[in-house]
Amino acid sequence: MAQAQGLGKRYMKAFFKGFFVAVPVTVTFLDRVACVARVEGVSMQPSLNPGGRQASDIVLLNHWSIRNYDVQRGDIVSLV
């Protein structure tokens, strides 16, 4: 029984160690590189949500291009 408790403590320690590394890396990635967003409604039709359907489209917002001023004519820009 004592060996099982030691094993459980080891797994919990490894989990929290990985958790405290993964969360900052994920937040930094989503803030600096790219994130996923959902587009709903008719404001972007016909480019997104074509045909007037009620489903939403999922898009990847590329933060890296904005930081490098790599925006071209025809690109869709999202403002918060």
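The entries below go from the overall fold to a surface patch and then to a pocket.

**Entry 1, the overall picture.** I reminded myself that this is a predicted model. I then listed the secondary structure of the protein and found two helices and two strands. Reading from the N terminus, I wrote the order down as α-β-β-α. I also checked burial: of the 80 residues of the protein, 9% count as buried.

Which residues form a nonpolar patch on the surface? I noted Met12, Phe15, Phe16, Phe19, Phe20, Val23 and Val27. Together they have about 700 Å² of accessible area. Is Val27 buried or exposed? Val27 has a relative accessible area of 52%, and exposed means over 50%, so Val27 counts as exposed.

How much space lies in the largest pocket? I wrote down about 550 Å³. The pocket is lined by 21 residues, and Leu61, Asn62, Ile76, Val77 and Ser78 are the closest to its centre. I next asked which elements give two or more residues to the lining, and they are strand 1 (34–39), strand 2 (57–62) and helix 2 (63–67).

Methods. Residues numbered from 1 in each chain as written. Predicted model: local features only at pLDDT ≥ 70, side-chain atom pairs only at ≥ 80, totals over all residues. Heavy atoms only, no water. Patch = residues over 30% accessible without salt bridge, like charges linked within 9 Å, V, L, I, M, F, W, Y side chains within 5 Å. Areas by Shrake-Rupley, 256 points an atom, 1.4 Å probe, with all protein chains shown as cover. Salt bridge = Lys/Arg side-chain N within 4 Å of Asp/Glu carboxyl O. Buried < 20%, exposed > 50% of the residue type's maximum accessible area, 1.4 Å probe, protein only. 1 Å grid on protein atoms, 1.4 Å probe; cavity = no way out; pocket = protein on both sides within 12 Å on 5 of 7 lines; lining within 4 Å. Points joined across faces, edges and corners; volume = space filled by probe spheres on them. Helix = DSSP H or I, 4+ residues; strand = E, 2+ residues; numbered from the N terminus.
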